[in-house]
Every structure is written in structure tokens, then in C-alpha cells.
Amino acid sequence: MSPIAQPNLPNRLDLPLRLGALLVLVTGLGLGLFTLSSALGIWVGAWDWRTGLGILRMANTAGGYVFWGCLVVGVLLALLSILLTHSDKNRLVGYILIGVLSAGAGYGVPESFRPPEGVNYPMIHDISTNTDYPPQFVDILPLRGDDSNSVVYGGAENVTAEELAALTKEAYPDLRERVYAERHADVYRRALNAVEELGWEVVSADFNSRRIEATDTTLWFRFKDDIVITFGTRSNDVVVNARSTSRVGVGDVGANATRLRRFFALLDAQ
């Protein structure tokens, strides 16, 4: 009597390997597309930033588990398919790679909106280098909708002008007025060049009134934040102040401060 034939191990693992690779692919793509939908819905007008932010929060909550699950399972499946010289190993590894990369993007994008470890940004969205006499918006005002935040400094419901000034100085002590021993025309030209290099939309630029107003649109949520830059005089020096404020939301996770830092870095580098 011949011995009972035992199933070949690679053949027995063929279906689980294929199903596992497909599961990693579908799960990873699902997270990636879900995260992308938070912004895509805003871009096409399907929903507003509040819904988009809610989707991003859900993606952030589940993203870590999904990504690490896809990574661990994917690596094990890929190693098995290679060690067992699976006939379709290249396709399976490709599925796994796409799934893991998609899950990584779906997890990484929400994480990028988190503040760095140990950093707690104040719940403010109006940042000025001069908190005593903040630059005032003029030409941008008609572009701000009825639902936009107040442009009155300290006009938000959660802070007064004094509290806003104190929080700004505590969180961003480096953001202060800049003084240049140069001609007004030269500083103004450099400032306008910096605004254009940053890709802000120039709303008005009037050298005679010593003012530049611009709008910066964020990539992901298409938030529109407004900036005003003024050029004063102190003795023979030019004093530059800038203010950046969000049209919507309460806290900005440091976005307006970062925007002003980038502007002054370019201004000083020219």
C-alpha cells in the first residue's frame, strides 16, 4: 500500500498568500483614499473644512493601527512568498508594497498636522509682530466672507486683545518688528519679492501707503489666511511689521507664526 500523499506546503499556502496580499492592498488603499477624501471633498465643494477636519481626525485615530498592521503582515507575507518561491511572488510583493505605502501616506498626512512632541500651541489664529499697534487690513476686507473670523485684534470669543498679545509673546518671542538701515524703496522691493516667492496672492501693493496685503491658500484644506505688511519709519531706519490671520477656525497649530517666519527669513536673505 502506498503512503498517503501529503499536500505540498507551498500549494497549501497559495490561497492564503494571495488573499493576505490583497487584504493589505485593499486596507492600505482604503486608508489612503479615506484620508485623501478629507481634502478632496473640500476641493470639489462636496463639504466644508469642518467635515474635512472630522474625516482627518478619524483617519488619524485609526491610521496608526492600520499602517503598522499592514506593515507587519505585509513584510511576513512578502518574505513567505519569496522564501517559498511563489510563482506570482512579484505581483504579491507589488500588492503589498502599494498597500503599505498607501497606508503610510494615509497615516502620515494626519500626523503631520500634529504639533511636535512637547509643543503646545495656544488656541489663537491672529499673529502680529506688533501687538500694541497691530497692522490693519484694508483692501482684503471685502474678500472675507460673512463667516470669517473678526479682523479686530483680540476680537475672537476665546481671547481679549491683552490675552492674545501675551499668548503671542509667550509662544512666539522671535516674532517682532524688524528694523532695517536701508531705503524704504529697497526694503519694500525685497518684501514684495519675498511675498511673490512664497506664492501668496497679492491683493494690494502700494508703495505710497507703505503697505502690502496678500492671501495665502493652504494646500490640504484650502484655508485662506490673510497677511498685511507695513513699513514705518524710525529715525532713518525702516520698521517692518507683519500680521497673519486665519479666516476660519480658532487655533492654527502655529501656521500663521510659521508663515511670518518664512517671510522674514526670505526678506533677510535677499
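Helices of at least four residues and strands of at least two are DSSP runs, numbered from the N terminus. The model used in these exercises is predicted.

**Exercise 1.** Describe the largest pocket and find which helices and strands each supply at least two residues of its lining.

*Solution.* Step 1: the space in the largest pocket is about 1200 Å³. Step 2: its lining has 38 residues, and Phe 113, Phe 223, Asp 252, Val 253 and Ala 255 lie nearest the centre. Step 3: at least two lining residues each come from helix H2 (49-83), helix H3 (89-112), strand S4 (211-217), strand S5 (224-234) and helix H6 (255-269). Step 4: H2 gives the largest share, 5 residues. Step 5: by type, the lining of this pocket holds 19 nonpolar, 10 polar and 9 charged residues.

**Exercise 2.** Describe the second largest pocket and its lining.

*Solution.* Step 1: the volume of the second largest pocket is about 280 Å³. Step 2: 13 residues line this pocket, with Asp 147, Asn 149, Val 248, Gly 249 and Val 250 nearest its centre. Step 3: the lining divides into 4 nonpolar, 6 polar and 3 charged residues.

**Exercise 3.** Locate the nonpolar surface patch, then decide whether Trp 43 is buried, partly exposed or exposed.

*Solution.* Step 1: the patch consists of Leu 29, Leu 33, Leu 36, Leu 40, Trp 43, Val 44 and Ile 98, with about 630 Å² of accessible area together. Step 2: helix H1 (residues 9-43) contributes the largest share, 5 residues. Step 3: Trp 43 lies in H1. Step 4: buried means under 20% relative accessible area and exposed means over 50%. Trp 43 has 41% relative accessibility, so it counts as partly exposed.

Notes
Residues numbered from 1 in each chain as written. Predicted model: local features only at pLDDT ≥ 70, side-chain atom pairs only at ≥ 80, totals over all residues. Heavy atoms only, no water. Patch = residues over 30% accessible without salt bridge, like charges linked within 9 Å, V, L, I, M, F, W, Y side chains within 5 Å. Areas by Shrake-Rupley, 256 points an atom, 1.4 Å probe, with all protein chains shown as cover. Salt bridge = Lys/Arg side-chain N within 4 Å of Asp/Glu carboxyl O. Buried < 20%, exposed > 50% of the residue type's maximum accessible area, 1.4 Å probe, protein only. 1 Å grid on protein atoms, 1.4 Å probe; cavity = no way out; pocket = protein on both sides within 12 Å on 5 of 7 lines; lining within 4 Å. Points joined across faces, edges and corners; volume = space filled by probe spheres on them. Nonpolar A, V, L, I, M, F, W, Y, C, P; charged D, E, K, R; others polar.
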